[in-house]
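Q: Hey, could you walk me through this model before I set anything up with it?

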Amino acid sequence: MFGHDRAVQNIDFSYAEVAQRIREGDKQAEGVLSQRIAPGITQILISLTGNFAQAQELCQETLIIIISRLRVQPLDEPDKLPAFVAQIARNLVGAERRKEHRRKTDVDSEAIDQVADQSQGQEYEAQRESAAVEIRKVLAEMKSVRDRSLLVRYYLRDEDKKDICRELGLTEPSFNVILFRARSRFLELLQKRGLSGEDLFCLTFLAVIAAQYWWK
Amino acid sequence: MKLNDLPTAERYVAGTLSDEEVARFEAAMVDRPQLAADVNVRRRIKAGLELLEQRGQLAPLLAPASQRPQFLRYAAAAAVLVVVAGFWGTWRYGATSPAAALLASSEIGAAKVAANFMLARTRAAGAPEFNVKRDAGLVRFRILVDNAGDAPFAVRLTAAEQSGTFTDSTIPQTSDGFAEIYVDPRELNSGDYVMSVSSQSGAEQRFPFKLHVSP
């Protein structure tokens, strides 16, 4: 449901250059591009399907389509590659929905779908359970009820940061610090639980964000 | 789109972006794995909070938890005080009753003095008898001591019927040869009492008397 557990690196390169290398048959360039764009594709697909397992499958399909295309065709507008990738991912979801709709007219296929859905549901529930356990710990560790309230209003109720700051009497930097600590702790607990890869990356990402706040 | 365009990430997860904004954000997310990681964390936290809320585990965490223990702490402290006060009262008023009956002049403040009695050693066989009203006010005892210059005196009032019970006070100085002490009748029952006065040198004078306390 949430995201894959693969290590993600922020590899800086130009799309024009990597596309050229892929067209020249550089397999390493294919790997570099996949590593760069897979997390975003996965999140798009999760948004559209609400199903991590299906999102993973469709992410692989998206990557295959993109790399196959780059092997044979140069990029006209390299800067627009991310938008193009996102559009392919969305199109694949549309195609998958149409396919599922057709499958549901077939009784035998429906039975297979139910089994698959059950398995995906279990994985989803396990991930939710894990998230619930860790966020509960984070909340319990927060001494201030105000800070707990902040976390819930921001992440669960999707309330606006400025409204929360005003109502709780917080400055925006204070808000960011509380949020940053809570997120860091959450990821730390998830990591202790055995998750790695993307979570480790998230920690690095949060450290970068923290550095930005401190320098301001 | 900048890396720290987090309000957009908030709205993306909340599903409040327009179609055009979604397209721009998703393109940025493909380009920047950091943004995808941020969305991933937000989704996890949100899912965890949703599950806690479904199970009714969220509300207790948001309740002013500090108030409840604070209240309990105050209640516990009050309970301890009551118990301590109870023990103190038992010790002070039970073991040494009539505890607050005997008061030095410095302790009476503006309290009303309803009667004056004198205690002196005489050759008469019987102990003097005094009639007091329980709620009329304090009773002043003027005690004729043998050695007025030996002040301060330690005074002890003993109730004969309650063997071992007594109360102490101190008379810092005498006036015209009399040591003055005050008795609060509200703390006393009718009966035989002995007022004993001890000087610093250890000489003790005892003054038995009978007290009749009427309502």
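Here is the chat that followed.

Q: Is this experimental or predicted, and how are things labelled?
A: It's a predicted model, where local features need pLDDT of at least 70, side-chain atom pairs count only at pLDDT 80 or more, and totals for chains, interfaces and linings use all residues. Residues are numbered from 1 along each chain as its sequence is written, and chains are lettered from A and ligands numbered from 1 in the order in which they are written.

Q: How much of chain A is buried?
A: Of its 216 residues, 31% count as buried. A residue is buried if 20 or more other C-beta atoms lie within 10 Å of its own, exposed if 12 or fewer, and partly exposed in between, with C-beta atoms placed from the backbone.

Q: Where is confidence lowest in chain A?
A: In α9(A), at a mean of 48, while α2(A) is highest at 94. That's pLDDT, the predictor's confidence in each residue, from 0 to 100. Chain A averages 81, and 75% of the residues score at least 70.

Q: Which stretches stay under 50?
A: Residues 4-10 of chain A do, and the model has 21 contacts for them beyond four places in sequence. Residues 212-216 of chain A do as well, with four such contacts. Two residues are in contact if their C-beta atoms, placed from the backbone, lie within 7 Å. Where pLDDT is low, the predicted coordinates should not be read in detail.

Q: OK, switching to the chain A and chain B contact. How many residues from each?
A: 43 from chain A and 38 from chain B. On the chain A side, α5(A) gives the most, with nine residues. By class that side has 26 nonpolar, seven polar and ten charged residues. Here Ala, Val, Leu, Ile, Met, Phe, Trp, Tyr, Cys and Pro count as nonpolar, Asp, Glu, Lys and Arg as charged, and the others, Gly among them, as polar.

Q: At what angle do α2(A) and α3(B) cross?
A: Roughly 35°, and the axes come within 8 Å. Axes are lines fitted to C-alpha atoms, for helices over the stretch in contact, and angles run from 0 to 180 degrees between N-to-C directions. Residues making that contact include A:Arg36 and A:Gly40 of α2(A), and B:Leu35 and B:Val39 of α3(B). The contact has six nonpolar, four polar and one charged residues.

Q: What about the largest nonpolar core?
A: That one has 61 residues, and A:Ile41, A:Val85 and B:Met29 are among those with the most contacts inside it. A nonpolar core is a set of buried Ala, Val, Leu, Ile, Met, Phe, Trp, Tyr and Cys residues joined through C-beta atoms within 7 Å. Helix α3 (residues 33-54) of chain B gives the largest share, ten residues.

Q: And what does A:Val85 touch?
A: Not counting residues up to four places away in sequence, A:Val85 touches A:Ile37, A:Ile41, A:Thr62, A:Ile66 and B:Val30.

Q: Last one: is B:Val113 buried or exposed?
A: Exposed, because B:Val113 has 12 C-beta neighbours inside 10 Å. B:Val113 lies in strand β2 (residues 113-119) of chain B, and its C-alpha is 8.5 Å from that of B:Tyr182, 69 residues apart in sequence.

Technical notes
Helices (H or I, at least four residues) and strands (E, at least two) are DSSP runs, numbered from the N terminus.
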